[in-house]
Amino acid sequence: MSGHTALVPEQNNNNSNQENKTSNMRVSEKKCSWASYMTNSPTLIVMIGLPARGKTYMSKKLTRYLNWIGVPTKVFNLGVYRREAVQSYKSYDFFRHDNKEAMKIRKQCALVALEDVKAYVTEDGGQIAVFDATNTTRERRDLILNFAKENAYKVFFVESVCDDPEVIAANILEVKVSSPDYPERNRECVMDDFLKRIECYKVTYQPLDPDNYDQDLSFIKVINVGQRFLVNRVRDYIQSKIVYYLMNIHVQPRTIYLCRHGESDFNLVGKIGGDSGLSPHGKQFAQALKKFIAEQEIVDLKVWTSQLKRTIQTAEFLGVPYEQWKILNELDAGVCEEMTYEEIETQYPDEFALRDQEKYLYRYPGGESYQDLVQRLEAVIMELERQGSVLVIAHQAVMRCLLAYFLDKSADELPYLKCPLHTIFKLTPVAYGCKVETITLNVEAVNTHRDKPSGNTNNLPKSQTPVRMRRNSFTPLASSDTIKRTRNYSVGSRPLNPVGSPLFPETLNGADQQKLQLQMGSACLESANNITCESLVSVSATK
């Protein structure tokens, strides 16, 4: 058994020149998901709270989550601006409310940060900005509200309230000791100075008042690290998503183990999808996994699998209870299920080329895209955030999506993350990131990874470009003379409407498609022998 460990920080890279900004704007436009269309105007999330209350922790996690679901989001940490303005931090005296020179610097830093927020939204295609600062006075919050009003931004406040001295002390020692403000790293000196800094803020702290002064504002109060919540005037879909997410996260120590099923019979022959069982090496891995889990001595470990045979068989070897999640099933390859990549390239060359050009957005005809899979897995992420230690036995595409969330990977990186068979990813959440350890159980397996192809559009169909690859689930194939392949489902998981019903127009002849077109009540465009529906409403199966 071998492995290595890496610490993956959560960070936002700033573009160094206008060319990169333009490129990133195009990427953000291209990668926006269904969730991004729910934001009809930019949103400014404003953190509130005394120092060492977990504001930056929540800011980074929330930003990571929103980016993962496809809403371009960035954190603007006022501490970074203050350190740029004041190169050398001396003591807590800088934060005294009667230090007029320091107060002037701090206000100027806030104004500069707000201008950067405006540039992010207008130039870089951002949709949500997280203003990470104490913002403890009504004067400062009114300044932010006026800025938002001038720029037609929505504002949502997140206030973290904590009066538990043990939580505060633990936060100071875990995060603030390593802060750039304290290069000497002396624990006692850091603790003393930081506690005095907190007292400076307490003098002028004005918490949100839900009954009078702030009753019309949209906000959530997170009390004592999630013991209680107070939610006020949630006004749109994104704000409700933010509230739901913040009510599910916790800071208790835990470990998340991610691995794929053991090698399957289809892996051996290079076929994708399907519902094949384990190969001899796959069964050997399942036995090795049982030994590894036993050695970890994990208290109250939960085991989750998909509803496909290969993950269930892997879990059966563990000899422990496990839960089957249908939403953990592998990405649906539609008509390409149970085919090798060579067969797909031969039978559907246009589809093969399109997927290589934009793997995240590309949707298999009658199947799913990685973007669809992220949407499907959101419930799994929420439950993982709520739980203690969990072992998830899943599939390659599913693991890539889950890893992208925990490791803060972009939509461009996600489809090409390496998730080899018979390898365990051990994820341990830390203050502002996630410690990653990969453990190989030294059981032979085939390599199922395909590297990202070199960027060229020579093989693309003339009628399509990478930006136009988002397709309706029922759009017919780009290639001609195609046959709809039956989707393989696990026992008890077949859809209510089988292939061949009016809900699957790819299988209908021309006359039936015309009848269906009238029933659907949506605008349909007819091109050659294919009908592409721009919007699909509920279809009656009655004749």
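Asp192 is partly exposed, with 42% relative accessible area (buried means under 20%, exposed over 50% and partly exposed in between, using a 1.4 Å probe and protein chains only). The model examined here is predicted, so local features need pLDDT of at least 70 and side-chain atom pairs count only at pLDDT 80 or more, while totals for chains, interfaces and linings use all residues. Residues are numbered from 1 along each chain as its sequence is written, and side-chain values use heavy atoms, with hydrogens and water left out.

Because Asp192 and Lys196 are four residues apart in helix 7 (residues 187-204), about one helical turn separates them. Helices here are DSSP runs of H or I with at least four residues, strands are runs of E with at least two, and both are numbered from the N terminus. Lys196 is also partly exposed, at 34% relative accessible area.

In total, the structure holds 16 salt bridges. One of them joins the side chains of Asp98 and Arg96, at 3.1 Å from N to O. Asp98 is partly exposed at 44%, and Arg96 is partly exposed at 35%. Lys241 counts as buried at 10% relative accessibility, and Glu378 is buried at 9%. Elsewhere, salt bridges link Arg82, Arg83, Asp181 and Arg197 in a network.

Six strands form an open sheet in the order 3-4-2-5-6-7, with mixed pairing (two strands pair if DSSP finds at least two bridges between them). Its edge strands, strand 3 (73-77) and strand 7, each pair on one side only. From one strand to the next, the twist averages 15°; the axes behind such angles are lines fitted to C-alpha atoms, for helices over the stretch in contact, and angles run from 0 to 180 degrees between N-to-C directions. Strand 3 is mostly covered, as four of its five residues are buried. Five bridges join strand 3 to strand 4 (residues 128-132), and the two run parallel; within this pairing, Thr73 has Ile128 as its bridge partner in strand 4. Strand 2 (residues 43-48) and strand 5 (residues 154-161) also run parallel and are joined by six bridges. Ile48 stands opposite Glu159 in strand 5.

On the surface, Val167, Val225 and Val251 form a nonpolar patch with about 190 Å² of accessible area together. Patches are made of residues with over 30% relative accessible area and no salt bridge, with like charges joined within 9 Å and nonpolar side chains (Val, Leu, Ile, Met, Phe, Trp, Tyr) within 5 Å; the areas come from the Shrake-Rupley method with a 1.4 Å probe, and for residues only the protein chains shown count as cover. Val225 sits in the loop between strand 6 (219-223) and strand 7 (228-232), and is partly exposed at 37% relative accessibility.

Finally, the structure holds zero disulfides (pairs of cysteine sulfur atoms within 2.5 Å). Cys419 is in no disulfide, with the nearest cysteine sulfur, that of Cys401, 9.4 Å away. Cys419 counts as buried at 2% relative accessibility, and Cys200 counts as buried at 10%.

Technical notes. A salt bridge is a side-chain nitrogen of Lys or Arg within 4 Å of a carboxyl oxygen of Asp or Glu.
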